[in-house]
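Hi,

Here is the structure I promised to pass on. Have a look, and then read my notes below.

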Amino acid sequence: MKIKLFLLGVCLLPAFMYAQEVQPAAGTQQSETKLLVLSLEEAQQYAVQSNKSLQNASLDVQQAYAQRWQTIAQMLPQVDGAVGYTNMCGYEIDFGGMSKAMVPYLNAGVTASVGINGQAVMGALLNNLAIEMQNITYAQSESNLRANVMTGYLSVLVMEDIQGLLDSSLVNVERLAEMTKQAVAVGTQEQTAADQILVRVNALKNNINSNKRNVELAYNSLRILLGVDAQTQIRLTQTLDELLSADAIVRLLGEEFNINNNFNYQLLQKNAELAKKNVTMAGLAYTPTLSAYYQYSYRKDFEEGGFSMSPPNTVGISLSVPIWSSGKRAAGVTEKKLAYKAAQNTLEETTDQLGIQYQQLRFNLSNAFETYTNERDNMDVTKRVFNNVTNKFQWGAASGLELTNASNDLISAQSTYVQAVLTLVNAQVELAKFLNN
């Protein structure tokens, strides 16, 4: 049973760690009890709508759109206004022996300017690429969330299935303990045999209590993924046999792998495209910058004798041309070219790795399903053997040792079956997530 509990922890760990990112703050729980009756698809859809981590991923996409507009707006006309009051406190300026008092005045002005160069235009294009990458990241986050909900959903079903097996084992062992006790009373068995079975009864009770805690842990992990509070009750409508059916496994194994649907590959493609555009961006450092501005100035003197040397209207155009940077711009272009080559190498390497990973995941699922089927059948056979030996022991046709061995075989078969189920769950989820199913 220790092996079983360890494997359960391994199965629940990814979903639980992912769920911790969206754990609701204290004090947000509602006092009213809410009941959710969910199939696997309904649970996944509910999580997509309510999960805070996925909502944050959506906000990242919106931020990327806002950043793009900031970049575009920098190339559009910028208009600034200013108003000020100046008083030189009676100061007089000397004009060739004549003094002139500096009168207080109010000035106001409006300046409109615009500037554009090649790097600014390319920056807007890079922002478009950033939006595409954020959209892919959001889709990947949704896919991971659906996979984690599937793991959590199946983990709950596995834990409840384990609970049924443990309860069944306890009934069998308690019946065995009672039969051994009666055999000791009539002198056909020794007290040591009865004590050994009693120890097993207590051990099973401890395992049952431990598994109940694991059931609650599985439900809590699912609640966090769904974005609901602790008072929300969840009822799952699909069974483990339904979700782990041969038809579902065969359909999943029969799906063709399209590398273009893989989110990691899509992100690496966009990363290579981004690296290529960065080469162009670095090259545009050689291009000139065109700027233009218009300025309007207004002055209001509060006393007689004021004057201004600034014209009310001013227009200016400038063209800034880069001439010499001591090799800085050339080194920048070389750096971006090397980064682009590295991104291409990573993309090609990942392409090969994804094909190998697909074959391995298919093998893992096929092997896990075969093992699951064999262990399920083996457990049924072991259960029939145990019942047969129990009946023989009741009529004195089997020894206490045979009965103890049959009981041990049944408990061992159940533990091995649980291990096979957990392995199958993980294999199915990993392939489904890889295929973006």
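Glu216 is partly exposed, at 40% relative accessible area, where that label covers the range between buried (under 20%) and exposed (over 50%), worked out with a 1.4 Å probe and protein chains only. Its partner in a salt bridge is Arg223, with 3.4 Å between the closest N and O atoms. Arg223 itself is buried, at 6%. By salt bridge I mean a side-chain nitrogen of Lys or Arg within 4 Å of a carboxyl oxygen of Asp or Glu.

Before you go further: this is a predicted model, where local features need pLDDT of at least 70 and side-chain atom pairs count only at pLDDT 80 or more, while totals for chains, interfaces and linings use all residues. Residues are numbered from 1 along each chain as its sequence is written, and side-chain values use heavy atoms, leaving out hydrogens and water.

Back to the salt bridges: the structure has seven. Another one links the side chains of Glu430 and Lys433, at 4.0 Å from N to O. Both residues sit in helix H10 (residues 400-434), three apart, or about one turn of the helix. (Helices are DSSP runs of H or I with at least four residues, strands are runs of E with at least two, and both are numbered from the N terminus.) Glu430 is partly exposed at 38%, and so is Lys433 at 31%. Salt bridges with shared partners also tie Glu41, Glu142 and Arg146 into one network. Within it, Glu142 and Arg146 meet at 3.4 Å, N to O, and these two lie four residues apart in helix H4.

Now for the sheet. Four strands make an open, antiparallel sheet in the order S2-S5-S7-S8; strands count as paired if DSSP finds at least two bridges between them. Which strands stand at the edges? They are S2 (78-86) and S8, and each has a single partner strand, so one side of each has no neighbour in the sheet.

Is Ser50 buried or exposed? It is buried, at 17% relative accessible area. Leaving aside residues up to four places away in sequence, Ser50 touches Gln55, Leu226 and Gly227, where contact means heavy atoms within 4.5 Å.

Cheers
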